[in-house]
Amino acid sequence: MLLGTLLLLVQAAQPAAPSPSPVADALRSMTQRYTRILVAAAEAMPAEKYHYRPTPAQMSFAQIQVHLINEGNDLLCGKTAGIAPPTRAGVDTTAGKDVLVARLKESFAFCESAFAKLDDSNLSTPVQLFGPNPSTRATAIMITVGDWADHYSQEANYLRLNNILPPTARPRTP
């Protein structure tokens, strides 16, 4: 019994084999993280504050959601994965909070499914993102994660300016 327990402990302590696709694995991990915190931020902002913007030159909170839903997730995740984005009716800032949060969740679900089978074997594959010059799939991956980080930063600031603690600043619950 003791020998069996020790054997299990030794096996559990062995490091996992290195992934053959660490970049794609990192993208999937970042997709889960940004799904969680961007959806939590969208849920935290009160509906009556969705048209809040710190200055006239900045996007409103609702505009950030629309951008993430339309271009940020459906379009960018589809192009990054090399698959067609879903065809769904467009959404704009006139949609209410409930609609925008639901569509944000749908768009992140698309990203998760689009990235499920990516591997590192095609990181140098050309991907047409913006403008006439193609990028590589590796660049598209970095742009996708950077876009999420940028917009979460905006949302966290908008929440703080409205006396709401952003999701990543809240104490973790076990």
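**Figure 1. Glutamine 65 has its place in helix H3.** In this predicted model, glutamine 65 counts as buried, because its relative accessible area is 1%, which falls under the 20% limit for that class. Leaving aside residues up to four places away in sequence, glutamine 65 touches Ala42, Tyr50, Leu100, Leu104 and Glu155. Gln65 is among the H3 residues that meet H4, and Gln65 is also listed among the H3 residues that make the contact with H5.

**Figure 2. The protein as a whole comprises five helices and two strands.** Read from the N terminus on, the elements follow the order α-α-α-α-β-β-α. Taken along the principal axes, the box filled by the C-alpha atoms is roughly 65 × 45 × 25 Å. The protein has 174 residues, of which 37% count as buried. Among the contacts with a separation of 6 or more, 70% are accounted for by residues 24 or more positions apart.

**Figure 3. Helix H3 packs with helix H4 at an angle of about 15 degrees.** The axes of the two helices are 9 Å apart, and the angle makes H3 roughly parallel to H4, since values under 35 degrees are placed in that class. The crossing in which H3 passes H4 is left-handed. From H3, the residues that take part are Ala62, Gln65, Val66, Leu68, Ile69, Asn73, Asp74, Cys77, Gly78, Thr80 and Ala81, and they meet Leu100, Arg103, Leu104, Ser107, Phe108, Phe110, Cys111, Ala114 and Phe115 in H4. By residue class, this contact of H3 with H4 divides into 13 nonpolar, five polar and two charged residues.

**Figure 4. A disulfide joins cysteine 77 to cysteine 111.** The S to S distance of this link is 2.1 Å, and a search of the whole structure finds one disulfide. The angle about the S-S bond is 85 degrees, and the link of cysteine 77 and cysteine 111 is right-handed. Cysteine 77 lies in helix H3 and cysteine 111 in helix H4, which spans residues 97–115, so the pair ties together parts that are 34 residues apart in sequence. Cysteine 77 counts as buried because its relative accessibility is 0%, and cysteine 111 is likewise buried, with a relative accessible area of 0%.

**Figure 5. Helix H3 (residues 61–81) packs with helix H5 (residues 137–161) at an angle of about 165 degrees.** Their axes are 10 Å apart, and the angle makes H3 roughly antiparallel to H5, because values over 145 degrees are assigned to that class. The crossing of H3 and H5 is left-handed.

**Figure 6. Glycine 90 is found in the loop between H3 and H4.** With a relative accessibility of 69%, glycine 90 counts as exposed, since the limit for that class is over 50%. From glycine 90 to serine 135 the C-alpha to C-alpha distance is 26 Å, and the two residues are 45 residues apart in sequence.

**Figure 7. Asparagine 163 is found in the segment after H5.** Its phi is near 60 degrees, a positive value in a residue other than glycine. Asparagine 163 is exposed, with a relative accessible area of 74%.

**Figure 8. Arginine 36 lies in helix H2, which spans residues 22–44.** At 51% relative accessibility, arginine 36 counts as exposed, because the class begins over 50%. Between the C-alpha atoms of arginine 36 and proline 174 there is a separation of 16 Å, the two residues being 138 residues apart along the chain.

How values were computed:
Residues numbered from 1 in each chain as written. Predicted model: local features only at pLDDT ≥ 70, side-chain atom pairs only at ≥ 80, totals over all residues. Heavy atoms only, no water. Helix = DSSP H or I, 4+ residues; strand = E, 2+ residues; numbered from the N terminus. Buried < 20%, exposed > 50% of the residue type's maximum accessible area, 1.4 Å probe, protein only. Axes fitted to C-alpha atoms, helices over the stretch in contact; angles between N-to-C directions. Parallel < 35°, antiparallel > 145°, perpendicular 65-115°, else oblique. Left-handed = near helix turned anticlockwise from the far one by under 90°. Contact = heavy atoms within 4.5 Å. Disulfide = S-S within 2.5 Å. Nonpolar A, V, L, I, M, F, W, Y, C, P; charged D, E, K, R; others polar.
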